[in-house]
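Hi,

Here is the structure I said I would pass on. Have a look at it first, then read my notes below.

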Amino acid sequence: MIAPPYRGPVATLRYAVVGTGMMGTEHATTIRALPGAHLAALCDPEPQSLARVASALGDGAPPAWRDVDRMLADVDPDVVVVASPNHTHDEVLRPVLAHGAHVLVEKPLAITAARCAAVREAAAATEPRAGREIGRAHV
């Protein structure tokens, strides 16, 4: 995969949150309050979860997708926060890592050591954007 072209310094980072349960809602709310951050997308396969976070965010809630690949193609976020259920992290991370954006994934990275190793291999095999960071959240 060829990384998207470098766009130079970014004044405002476009964030996408994948997984809109309790932690995804917390991340979305926090992102909206950060200077230099724009909550550009929400993504969750469950329409009820998307409706709850949209209600919590109120006016100006970002567009929502039910498919990670489609959201990445449509939005081209700078940063993706993965807050989906633990057992889905590695599955969600595959297209996110291939996209090349910065990543923040809620703990655990994956539910087994073998799946964690597969995520590390996937990250190493992708072409990141300049300066990409991958972090795990433990709040």
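Asp67 caps the N-terminal end of H3 (68-75), with one of its side-chain oxygens 3.2 Å from the backbone nitrogen of Asp69. That is a polar contact (N or O atoms within 3.5 Å, one able to donate a hydrogen and the other to accept it; residues adjacent in sequence count only if both atoms are side-chain atoms). After H3 comes Asp76, with a positive phi near 50°. Helices here are DSSP runs of H or I with at least four residues, strands are E runs of at least two, and both are numbered from the N terminus.

Bear in mind that this is a predicted model: local features need pLDDT of at least 70 and side-chain atom pairs pLDDT 80 or more, while totals for chains, interfaces and linings use all residues. Residues are numbered from 1 along each chain as its sequence is written, and side-chain values use heavy atoms, without hydrogens and water.

Back to H3: Val68, Met71, Leu72 and Val75 are buried (under 20% relative accessible area, 1.4 Å probe, protein chains only). They sit on the same side of H3 because they cover an arc of only 100° around the axis, taken from the directions from the axis to the C-beta atoms. An α-helix has 3.6 residues a turn, so residues three or four places apart point the same way. The buried residues of H3 pack against strands E1 (13-18), E2 (37-43), E3 (64-65) and E4 (79-82), and against H4 (contact: heavy atoms within 4.5 Å).

Cheers

Technical notes
Buried < 20%, exposed > 50% of the residue type's maximum accessible area, 1.4 Å probe, protein only.
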